[in-house]
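Colleague: I'm new to reading protein models. Can you walk me through one?

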Amino acid sequence: QLSLLEDAGFGGALLYVDPCDLPKTTDLADKAFMVSLNSGGDPSTPGYASIDGSYRQNRLNLTTLLVQPISAVLAKKLVSLPEDTVQTDRCIPLQMPATEKKIISLNIQSVTTYKTISNVIGYLKGTVFPDRYVIIGSHHNSWNTYGGQDWASSTAIITAFIQAVMLKVKRGWRPDRTIVFCSWGGTSFGNIGSYEWAEDLKRVLQRNVVAYVSLHNPVRGNSTLHPVASPSLQQLAAESQSSSCVEKIKCPGSNVSSVQIQGDSDYFINHLGVPATQFSYEDIRTSENSSFLSEALFPVHATKTEELDPSFSLHETIAKLTGQVTLQIASEPVLPFNALDIALEVQNSLKGDEVDVPQLLAVASRLRDTAELFQSDEMRPANDPMERAPVRVRMLNDVLQSLEKSFLVHRAPPGLYRNILYRLDERTSQFSVLQEALEHCKLHQANETIQAALSEVLNSINSAQVYFKAGLDVFETTLAGRK
């Protein structure tokens, strides 16, 4: 939204979270908050690592706009909403009266400084595929003035998981693949720690990372479990959720979806095309609305975590779910990724009358047919312990590891993921880039944007279909021998 305002020539913006979007369980209407305008990493070294000797671009400001977050109460005063329009039975979003005009003086005195960001990285080396990495990421506190509910929960869970894993290691157990434990710094200021680490190791990570498991702000509410996973990992996330929710309330039926999530998984999803998953507890109201609320950083007093989860049972559940998924990906001989789910997600994202392009639908249908054949039992004899030839397993895993890389588009509109398999929010099912292009088309009465977006989506689906087909061809000789 800020990028659009900047392009339109606006000079400033007041950011607020509408009272209708605030969860009922918290009282944040009168609270100010912080939001980072940094899209990712060190803004002075865009696209390359911020290490000694790197050229630093002179970027004192991240936007030409004067930007100031304000509380919902202050926003309501500025709007001067008449009392008689406020109804008790339902919430009406704030908006300026049609005849109202306000003049506001805005004086921003931000000071840009350089600070050192630190990451803490540890690893447990795998025995069978030590050059394949499963990354589990949390983050630690980046400041002293804002409360640390999110990072404290994140740090507590990854610490508990490490302790549990090390008990297994002391008894002689080792994973097949290397597990990399990461505690990122600078998350609140634009995922700086994770971006710079990944940019520094980009070539290695492109080849070796098989999955990213996120622990970003895992207990942000206590109403409902909210699992998010990229399409190839949705089945694994759903199965883990079902097995961990026996005789427990607060664990409804499986509702895993692929929506944009905040935090340090960003670089791995949008620049490396790595399958990712995250389990978190949220307030129902939060998960139903746009993701801006999760970008807003409210000050939290010290006992907030204890109030949300006094018995720490929610933390325990997230630790078990996260640990189970991580260990399965790290230890199963064949990666537990589902190619067919990607094809089904693509077809679901093309439903609707607004995007009815026969060529798109046809290539999506071919993708499903190819993925279905690839996913069939005949194509995966490596799941049979008697037929686990190491070379064949390695070949199969190499194909599975890169299933989602085809869906990284070169450019995405501001605020949208480059990985088009992720939707903007729970309420939409179509490709976000197509929805954005349709809105742009309606606004400007021109179809160049929609044509460009359609081409991006078409090329991505076709690229994935070709990739799956190549994966089939790899095993052609073996299949011919069996027949």
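Modeller: Below we go through strands, aromatic rings, backbone angles and a pocket.

Colleague: What kind of model is it, and what pLDDT do local features need?

Modeller: This is a predicted model: local features need pLDDT of at least 70, side-chain atom pairs count only at pLDDT 80 or more, and totals for chains, interfaces and linings use all residues. Residues are numbered from 1 along each chain as its sequence is written, and side-chain values use heavy atoms, with hydrogens and water left out.

Colleague: Which strand do 8 bridges join to β4?

Modeller: That is β5, residues 177-184, and the two run parallel. Gly 137 stands opposite Cys 182 in β5. Two strands pair if DSSP finds at least two bridges between them.

Colleague: And how many bridges pair β4 with β6?

Modeller: There are 5, again in the parallel sense. Tyr 133 has Val 209 of β6 as its bridge partner. Ile 135 stands opposite Tyr 212 in β6.

Colleague: How many residues of β6 are buried?

Modeller: The count is 6 of its 6 residues. β6 is also joined to strand β8 (residues 276-282) by 3 bridges, and these strands run parallel. Ser 214 has Gln 278 in β8 as its bridge partner.

Colleague: How far apart are the C-alpha atoms of Val 213 and Gln 278?

Modeller: They are separated by 6.0 Å, with the two residues 65 apart along the chain. Val 213 lies in β6. Val 213 is buried, at a relative accessible area of 1%.

Colleague: New topic. How many aromatic pairs does the structure hold?

Modeller: It holds 9. Rings of Phe, Tyr and Trp (its six-membered ring) pair if their centres lie within 6.5 Å; planes under 30 degrees apart count as stacked, over 60 as edge-to-face and the rest as tilted. One of the pairs is Tyr 212 with Phe 268, which is stacked: 4.6 Å centre to centre and 20° between the planes.

Colleague: Where in the chain do those two sit?

Modeller: Tyr 212 is in strand β6 (residues 209-214) and Phe 268 is in helix α7 (residues 265-270). They are 56 residues apart, and the pair links distant parts of the chain. Tyr 212 is buried, with a relative accessible area of 1%. Phe 268 is buried too, at 0%.

Colleague: Which residues form one aromatic cluster?

Modeller: Trp 184, Tyr 195, Trp 197, Tyr 212, Tyr 267 and Phe 268.

Colleague: Which ring does the charged end of Lys 168 sit over?

Modeller: The ring of Trp 173, 4.7 Å from its centre. A charge sits over a ring if NZ of Lys or CZ of Arg is within 6 Å of the ring centre and within 35 degrees of the ring normal.

Colleague: What about Phe 312: what is its phi?

Modeller: It is positive, about 60°, and Phe 312 is not a glycine. Phe 312 lies in the loop between α10 (304-308) and α11 (313-331). Phe 312 counts as partly exposed, at 38% relative accessibility.

Colleague: Last one. How many residues line the second largest pocket?

Modeller: There are 47, and Leu 62, Thr 112, Thr 113, Phe 189 and Ile 192 lie nearest its centre. On a 1 Å grid over the protein atoms alone, a pocket is an open set of points where a 1.4 Å probe fits, with protein on both sides within 12 Å along at least five of seven lines; lining residues have an atom within 4 Å of a point.

Colleague: Which element gives the most to that lining?

Modeller: α4 does, with 5 residues.

How values were computed: Helix = DSSP H or I, 4+ residues; strand = E, 2+ residues; numbered from the N terminus. Buried < 20%, exposed > 50% of the residue type's maximum accessible area, 1.4 Å probe, protein only.
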